[in-house]
Amino acid sequence: LFNGEELHPTAHGQILLTQTGQYDIEFRYYEDGRVKQSKQSWTALPPRDFCSLAIATPKGEMVVELSDLTLRHSDHFQELAEDQYYDSLIFHRIVPGFVVQGGNAQETPYQRKTNRVEVKELDPEMHSDLLHYRGALAMARMPDQVNPEKRSSPDQFYIVQGTPFDESRWEQFLTDQGKEYKSYQRDRYLDLGGAPQLDGEYTVFGYLTHGYDVLDSLAATITTGENAEDPIWMIVKTVE
């Protein structure tokens, strides 16, 4: 019973709360061949104000919305942007059908002073509802051999362009990777595409809300190896 009305959740028992307020839930379930029940009261609070950042490039502007499920990463990224840390840095890695990556202040011709902001690796904040769909914003990191804790880079980020999935390709991916997904996560990958092989390996902390055409244009940049032949600069700022 959900606020006095009978409820039929999914096979996984998922309940989606779409409004704030007090919810009274009575659970009835089978255990050891017997019907048992329990009651809980939940309070659904409104989310904090979302923070959106604009990433300007020579190809146009993208807007990303930071997640409130990854406050360590989201707040750090916002702090760097507000300090103009990223301004004039470049997207140094372009992999069509995968990601565009930038924000490395140490190995680009547009090197900046980094002592104005505390810049250190971040502990991971991987969340089951923040996956690598097309448009995902995530932090890069060093490989497992030197970083088994999967700590995030202090500044390098990437945006997923990804590849599309149909039923056949999705089933093959599940077979090859041995991963499990909820039905709505599967549906979103089938609708949007992405890079699910990265799930559980890197921290996603936001998503593109505008500028998918710019993302595709960046991914189509002429490269030598994974480096753009003409440097793609960026300016990252908070959207008022």
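Is arginine 93 buried, partly exposed or exposed, and what is its relative accessible area? Arginine 93 is partly exposed, with a relative accessible area of 25%; here buried denotes under 20% relative accessible area, exposed over 50%, and partly exposed the range in between (1.4 Å probe, protein chains only).

The structure is a predicted model, in which local features need a pLDDT of at least 70 and side-chain atom pairs count only at pLDDT 80 or more, whereas totals for chains, interfaces and linings use all residues. Residues are numbered from 1 along each chain as its sequence is written, and side-chain values use heavy atoms, with hydrogens and water left out. The mean pLDDT of the chain (the predictor's confidence in each residue, from 0 to 100) is 86, and 84% of the residues score at least 70.

Ten salt bridges were counted, each defined as a side-chain nitrogen of Lys or Arg within 4 Å of a carboxyl oxygen of Asp or Glu. In one of them, arginine 93 pairs with glutamate 226, with 2.8 Å between the closest N and O atoms. Because arginine 93 belongs to strand E5 (residues 93-95) and glutamate 226 to the loop between strand E10 (223-224) and strand E11 (227-228), the pair ties together parts that are 133 residues apart in sequence. Helices (H or I, at least four residues) and strands (E, at least two) are DSSP runs, numbered from the N terminus. Glutamate 226 is partly exposed, at a relative accessible area of 37%.

A further salt bridge joins glutamate 167 to arginine 186, with an N to O distance of 2.4 Å. This pair links distant parts of the chain, 19 residues apart, with glutamate 167 in helix H2 (residues 167-177) and arginine 186 in helix H3 (residues 183-192). Arginine 186 also forms a salt bridge with aspartate 187, the closest N and O atoms lying 2.5 Å apart. Relative accessible areas are 43% for glutamate 167, 23% for arginine 186 and 35% for aspartate 187. Elsewhere, salt bridges with shared partners join Arg141, Asp144, Lys150 and Glu201 into one network.

Glutamine 156, in the loop between strand E7 (136-139) and strand E8 (157-160), is buried, with a relative accessible area of 17%. Excluding residues up to four places away in sequence, glutamine 156 touches His92, Gln101, Gly102, Gly103, Asn104, Met139 and Ala140.

Methods: Contact = heavy atoms within 4.5 Å.
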